[in-house]
Amino acid sequence: VAWIKRMFNIKRAGHGGTLDPKVTGVLPVALQRMTRIVGSVIHSDKEYVCVMQLHAPVEEERLREVLNEFEGVIYQRPPLRSSVKRALRKKRVYKIELLEYTGKYALLHIWSEAGTYMRKICWDVGLVLGTGAHMRELRRIRTGPFTEERGLVRMQDIAYALIRYRDEGKEDLLRKYVLPGEYSVCHLPKVVVRDSAVESIVNGAMLAVPGIAMLHEGIEKGDTVALL
């Protein structure tokens with residue numbers, strides 16, 4: 001984030017969810033005013049590909065049984081080296097899939113709620129197996145609406161796009177890499193406000209039914225929505 005602020009010569013930027021050292025993958029970075037809504041990405045669900053190293057081999061069927069136990073709501077205490085308080089917390093793991101297994105290394109695809117520690121899942125799986133285990137490698141392949149397959153750029157891609165814009169006046173690559181802020185809320189249910197109600201709402205008025213042009217079905221009390 002510090003590098004991007006210097007590259008763009010801007011005062012405000014923020015990222016959508018911490019990546020531990022040596023972890024690679026998707027890290028959305030919000031620029032300027034869009035830092036106000038990056039919280040919707042931080043608190044969205046995540047997907048990872050993880051290499052777990054077992055300290056002793058086990059049967060594949062036994063490993064699959066234990067991994068199934070970690071689907072659903074689990075209890076976790078953050079690792080010693082973490083940026084949050086080490087209080088016991090409940091997190092939901094939507095899916096753990098065993099992609100490959102060699103007897104020593106297990107390649108896992110994990111889809112979980114935000115704030116779930118993959119390093120701790122590997123450690124706890126090792127405890128249940130009785131062999132011990134630790135996380136060897138981790139890559140985040142999705143955070144909220146942002147995926148590896150669409151829109152993922154490297155730092156050098158951004159640097160080249162800025163050079164192309166400053167030296168040649170061409171902004172095509174910048175427009176490709178810097179997405180509109182609305183993209184970061186595309187995973188949320190939407191409420192579209194009528195033009196006639198916008199001024200009242202931004203000045204603190206409550207949104208009433210006549211001010212709504214369209215909305216998603218199934219929105220419940222307490223849900224987070226995107227107001228457009």
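Biologist: Buried means under 20% relative accessible area, exposed means over 50%, and partly exposed sits in between. With that in hand, is Arg164 buried or exposed?

Modeller: Keep in mind that this is a predicted model. Arg164 has a relative accessible area of 17%, so it is buried.

Biologist: Which residue does Arg164 form a salt bridge with?

Modeller: Its partner is Asp172. The closest N and O atoms of Arg164 and Asp172 are 3.0 Å apart. Asp172 is partly exposed, at 43%.

Biologist: Which residues are joined into one network there?

Modeller: Arg164, Glu168, Lys170 and Asp172. They are linked by salt bridges that share partners.

Biologist: Remind me, what can side chains of opposite charge do?

Modeller: They can pair when their charged atoms come close.

Biologist: How many salt bridges does the count come to?

Modeller: The count is 13. One of them joins Asp20 and Arg119, at 3.5 Å from N to O.

Biologist: Where do Asp20 and Arg119 lie?

Modeller: Asp20 is in the loop between strand S1 (13-15) and strand S2 (24-25). Arg119 is in helix H4, residues 118-129. The pair therefore ties together parts that are 99 residues apart in sequence. Asp20 is partly exposed at 29%, and Arg119 is partly exposed at 34%.

Biologist: Which residue pairs with Arg154?

Modeller: Asp157, with the closest N and O atoms 3.3 Å apart. Arg154 is exposed at 51%, whereas Asp157 is buried at 17%.

Biologist: New topic. What is a disulfide?

Modeller: It is a covalent bond between the sulfur atoms of two cysteines.

Biologist: Is Cys50 buried or exposed?

Modeller: Cys50 is buried, at 0% relative accessibility. Cys122 is buried too, at 0%.

Biologist: How far apart do the end C-alpha atoms of residues 5-58 lie?

Modeller: They lie 48 Å apart. The span is 15% helix and 31% strand.

Technical notes: Residues are numbered from 1 along each chain as its sequence is written. This is a predicted model: local features need pLDDT of at least 70, side-chain atom pairs count only at pLDDT 80 or more; totals for chains, interfaces and linings use all residues. Side-chain values use heavy atoms; hydrogens and water are left out. Buried means under 20% relative accessible area, exposed over 50%, partly exposed in between (1.4 Å probe, protein chains only). Helices (H or I, at least four residues) and strands (E, at least two) are DSSP runs, numbered from the N terminus. A salt bridge is a side-chain nitrogen of Lys or Arg within 4 Å of a carboxyl oxygen of Asp or Glu.
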